[in-house]
Amino acid sequence: MSGGFPWLLVDQNIDDGDAVVAACADIDGLFADPGEPPVERYTLLGCAPAGRLRAACDGYGSAWLGNIGLETIHRPDSKHPRECWECTEELLDLTVLSARPAGYGVYDVVLEGRLRIDPEHRKRRRGPDRAPEADGYVLTGITGEGEEMFGTCQDVSGVFRPRPQPLPKPATLIGCRPEPRLRRAIEAQQRGAARHRRMIIASIYSVADDGTATHMLDSGLGAEVADVRPSVLGDALVDVTFESSYGDAIKGGRPTGAREIWELWRRGRPEKPGLWADFPAALRHEWAGAALAHHRPGPDRRSGRTYHLDGRYITDEDGFYCAIGEAINGPGGYFGWNTGALHDCLLGDWGAAPGFRLIWHDSEVARRHLVPGYDRRDWCPAVTMDHLLAWLAEDGVEVELR
């Protein structure tokens, strides 16, 4: 029982009464903006460009390329050991700054953009700062229409280099009422016991005003007790700080603005449609995720039914999921939050039997916004309106655009 506390931590791997770890008034570190990789400069050395990169090097055409993957080349007579298929780095939101001829048909091309860094992925392969042993790179573009070839290069600079490593972020349970498992971890910390005896692994639940606990999908605490102090929120409560040797204490944290969404749901299911409309794309995704977490299964409405989609605010992919969730299941409704989930919902058991009719009102808004390249920093083709219409049709939805 939460006893009026808005947050609950539960070890889902335990079935007995020890499963509840703690109840608390707040979790410092749960809502925090992750930040973006910094803007950097890279040089493609000995680049034989193709497509739009060739046009940019020749001085005509768009200087913005979008996203490029650097895939290693290994010739049959290569002196380098062939490394695993994972040898691809992702450069995001790239702009061509300059292109200097470096031989017949080749250039040294200076780009500005961001590197997608996945430290664990790279450590498993060769270390985060060491370039792969290769004979060059194939340049593969990811655009709104799919894959595009941008040529090859002999080497790159600015990609494989040391970068400051972010410090693991701690988390603190504020106004915490520890249950037996956490009390044992606190006692272990106070007597200086080994780290594994101070370890807590728990899923995070949001507790509504009516006492209903909802699992915050993919979010949890995985760290060791590092500090305990009395809480100003009550004599019997404590503030417990957790730190991890392996990364952030909170796994699957949410952006700062998502707190508003979860606090709204805590008061009860939204009753007014379109409350998601003022949120930016990242928080619209959080809205659809909260709708999924709070979704309660029920019987599908009959096949052949007509639903009305309010298209006034569909300016990105996540806006579509928020809107169709409401069209099918009412304010706060869920009907997919990515392409795979949308397909699953269209197969039934999520509120609407397959084979329904969808009237898409104000469809010109999506037609104007959901175009190739609108989501410039995603490492994947942008989901356009044409994509959405094709997927709906494939799953038997009759769409009328208005």
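Okay, so "buried" here means under 20% relative accessible area, "exposed" means over 50%, and "partly exposed" is in between, with a 1.4 Å probe and protein chains only. Keep that handy, since I'm talking about salt bridges today.

Quick housekeeping. This is a predicted model, so local features need pLDDT of at least 70 and side-chain atom pairs count only at pLDDT 80 or more, while totals for chains, interfaces and linings use all residues. Residues are numbered from 1 along each chain as its sequence is written, and side-chain values use heavy atoms, with hydrogens and water left out.

A salt bridge, for us, is a side-chain nitrogen of Lys or Arg within 4 Å of a carboxyl oxygen of Asp or Glu. How many do we get by that rule? The count is 20 salt bridges.

Let's start with Arg312, which pairs with Asp310 at 2.8 Å, N to O. Arg312 is partly exposed at 46%, and Asp310 is partly exposed too, at 32%.

Next up, Glu179 and Arg177, with their side chains 3.2 Å apart, N to O. Buried or exposed, what is Glu179? Buried, because its relative accessibility is 19%. Arg177, at 26%, counts as partly exposed.

Then there's Arg367 with Asp386, at 2.6 Å, N to O. That one links distant parts of the chain, 19 residues apart: Arg367 sits in helix 8 (residues 363-369) and Asp386 in helix 9 (residues 385-394). Helices here are DSSP runs of H or I, at least four residues, numbered from the N terminus. Arg367 is partly exposed at 39%, and so is Asp386 at 48%.

Notes. Helices (H or I, at least four residues) and strands (E, at least two) are DSSP runs, numbered from the N terminus.
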